[in-house]
Amino acid sequence: MSEDPGPDTEWTQLQQNVVIRWCNKQLEGSGKRVKSIGKDFSNGVILITLVEKVTNRKIPRYNKMALFKSKKIENVQVALELVRSEGLKLIGFDAGEIVNGNVSQIGGVIWSLILKYAFLKLEDITEQENTRNQQLLNWVKDKIEKPTINNLTTDWNDGCAVHALVDAHAPGLCPKLKDDNENSEVVEHLRKIMQLADDWLGVTQVLTPEELTDSKIDELSMMTYLSGFLGAKLKEGAPIETK
């Protein structure tokens, strides 16, 4: 999948899972939760709530109990209009298709939100002419010297880069990484450090350790997880080990 998936792009189950987890993090405190991309956005209410959360803008009037398709479409249109007013083009996206549960259309809209709002901090620290994936890769390279990272997919499979990135933000937070770990040990080590990053740096686990170590991990999913490290700050009381 390209960095800018269109309305006809096919979404893997992993990508859908990542998007669902990201959405639920944004929706915290709203009383709403996403379980299925194809079903839960169909009346437009959750989409409106998500758009309000990430843009920090309010839609004053919409159909909160939309039962008829026409009202559902109106809700989605209102949400898309707000997104477009924020400078996102969303060419080819159709409110009727979103109401019908078109995963490609819904996923494309949400990924557009992720690209803009989850990576805002990159705009202050990287070259603007680069694509988001290149901006993120350059940022990672500035943060960690080893291991050498050349992509946003398979270079992360062994867990060493995630360990190094957490350590760059919070030296002493991670347990020591063993050499020549078996895959099962890599997964368990990742489980510990990803939980630590979640608890003490606020990095949401939109990926599981099993997904991250899979050789088929895709750039969209990896970028969404890594976006959580942008601007991450260590919380007070973190269990830092001193040398």
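**Exercise 1. Helices H6 and H11**

Determine how the axes of helix H6 and H11 cross in this predicted model, and which residues make the contact.

*Solution.* The crossing of H6 with H11 is left-handed. For the geometry, take the axis of H6, which spans residues 103-118, and that of H11: they come within 11 Å and cross at roughly 45°. The contact itself involves Trp111, Ile114 and Leu115 on the H6 side, and Leu220, Met223 and Thr224 on the H11 side.

**Exercise 2. Helices H7 and H11**

Carry out the analysis for helix H7 (residues 132-143) and helix H11 (residues 219-226).

*Solution.* The two axes come within 11 Å and cross at roughly 50°, which makes H7 oblique to H11. The handedness of the crossing, in which H7 passes H11, is left-handed. H7 contributes Arg132, Asn133 and Leu136 to the contact, while H11 contributes Glu219, Met223 and Leu226.

**Exercise 3. Aromatic rings**

Find how many aromatic pairs the structure holds, classify the geometry, and decide whether Tyr225 and Phe229 are buried or exposed.

*Solution.* There is 1 aromatic pair in the structure. The ring centres of Tyr225 and Phe229 are 5.6 Å apart and the ring planes stand at 85°, so the pair is edge-to-face. Since the cut-off for buried is under 20% relative accessible area, Tyr225, at 0%, counts as buried, and Phe229, with a relative accessible area of 0%, is buried too.

**Exercise 4. A charge over a ring**

Identify the ring over which the charged end of Lys116 sits.

*Solution.* The ring belongs to Tyr117, and the charged end of Lys116 lies 5.6 Å from the centre of that ring.

Key
Residues numbered from 1 in each chain as written. Predicted model: local features only at pLDDT ≥ 70, side-chain atom pairs only at ≥ 80, totals over all residues. Heavy atoms only, no water. Phe/Tyr/Trp six-rings, centres within 6.5 Å; stacked < 30°, edge-to-face > 60°. Buried < 20%, exposed > 50% of the residue type's maximum accessible area, 1.4 Å probe, protein only. Lys NZ or Arg CZ within 6 Å of the ring centre and 35° of its normal. Axes fitted to C-alpha atoms, helices over the stretch in contact; angles between N-to-C directions. Helix = DSSP H or I, 4+ residues; strand = E, 2+ residues; numbered from the N terminus. Parallel < 35°, antiparallel > 145°, perpendicular 65-115°, else oblique. Left-handed = near helix turned anticlockwise from the far one by under 90°. Contact = heavy atoms within 4.5 Å.
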